[in-house]
Amino acid sequence: MRVSIGFLGLVFTIILGLTFNACGYRPSVNYAKQELRGNVFVKLNVSLEDPRNSVLIKDAVTKILIQKIGSNMVDNERDADVIMDLSINSVSMTVLSYSGGFNEQYNAKVSIGVKYFRKDNGNKVKSFTVDGEHDFAIERGASINDSHRFDAITKASDKAVTEILSRIAVASFK
């Protein structure tokens, strides 16, 4: 009797699913969804040093809230059940390697401060910081320009933003 790998994979998946279901496993997104239920208002503290990336971060957070947990975003703070305050704490560029006297490898690091509170929870503020990094290379002999910098900071910011939901899920237990 010959058993296909596809069949064994299906059986394994079903057993794994039943195991997680039986032990009460819930994805972290469920906890974040519960924490951010209702109307959400995202407030942005624009960095004077980097206003373009500040707006980019707000858009990325809004996008992840809508796509991952189905948040209802509102344009007015008084209509919100949850108010989230975002700010860029720091942006840095570090040289990782040199070759022939030229900088070739860089690391962009972004630190985003997140504060939020639920109005029905006595306005108890929860806050944390998320970091994102992105390594990149430039051509030999070239110097880093605004386009390189913006692209690297965008990618580092995206990595930081993806961490926000898991941090909110963890904060929901406190």
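V55 is partly exposed, with a relative accessible area of 42% (partly exposed lies between buried, under 20% relative accessible area, and exposed, over 50%, using a 1.4 Å probe and protein chains only). V55 belongs to helix 3, which spans residues 51-69 (helices are DSSP runs of H or I of at least four residues, strands are runs of E of at least two, and both are numbered from the N terminus). The C-alpha atom of V55 is separated by 7.6 Å from that of L44, a residue 11 places away along the chain.

The model is a predicted one, in which local features need pLDDT of at least 70 and side-chain atom pairs count only at pLDDT 80 or more, while totals for chains, interfaces and linings use all residues. Residues are numbered from 1 along each chain as its sequence is written, and side-chain values use heavy atoms, with hydrogens and water left out.

Turning to the overall layout, the protein chain contains four helices and five strands. Their order along the sequence is α-α-β-α-β-β-β-β-α. Of the 174 residues in the protein chain, 34% are buried. The accessible surface of the chain comes to about 10,600 Å², and carbon and sulfur atoms account for 53% of this area (accessible areas come from the Shrake-Rupley method with a 1.4 Å probe; for residues, only the protein chains shown count as cover). Contacts were also sorted by distance along the sequence (contact means heavy atoms within 4.5 Å). Among those between residues at least 6 apart in sequence, 71% join residues at least 24 apart.

R118 is buried, its relative accessible area being 7%. When neighbours within four places in sequence are left aside, R118 is in contact with E35, L36, R37, D81, V82 and N123.

E35, one of these contact partners of R118, lies in helix 2. E35 is likewise buried, at a relative accessible area of 10%. The side chains of E35 and Y116 are joined by a polar contact of 3.0 Å. Beyond its neighbours within four places in sequence, E35 is in contact with V82, Y116, R118, K126, I168 and S172.

Charged pairs form the next theme. Six salt bridges are found in a search of the whole structure (a salt bridge is a side-chain nitrogen of Lys or Arg within 4 Å of a carboxyl oxygen of Asp or Glu). In one of them, the side chains of R37 and D120 meet with an N to O distance of 3.9 Å. This pair links distant parts of the chain, 83 residues apart: R37 sits in the loop between helix 2 (28-35) and strand 1 (39-45), and D120 in the loop between strand 4 and strand 5 (126-137). R37 is partly exposed at 36% relative accessibility, whereas D120 is exposed at 55%. A network of salt bridges links R37, R118 and D120.

Helix 4 (residues 146-171) holds K155 and D151, which are four residues apart and therefore separated by about one helical turn. Their side chains meet in a salt bridge of 3.3 Å, N to O. K155 is partly exposed at 36%, and D151 is partly exposed at 37%. E163 and R167 are also four residues apart in helix 4, so about one helical turn separates them. The closest N and O atoms in the salt bridge between E163 and R167 are 3.6 Å apart. Relative accessibility is 29% for E163, which counts as partly exposed, and 30% for R167, which is likewise partly exposed.

The surface also carries a nonpolar patch of about 360 Å², made by F7, L8, V11 and I15 (patches are made of residues with over 30% relative accessible area and no salt bridge; like charges are joined within 9 Å, and nonpolar side chains, namely Val, Leu, Ile, Met, Phe, Trp and Tyr, within 5 Å). I15 is found in helix 1 (residues 5-22). With 48% relative accessibility, I15 counts as partly exposed.

How values were computed
Polar contact = N/O pair within 3.5 Å; in protein donor to acceptor, adjacent residues only side chain to side chain.
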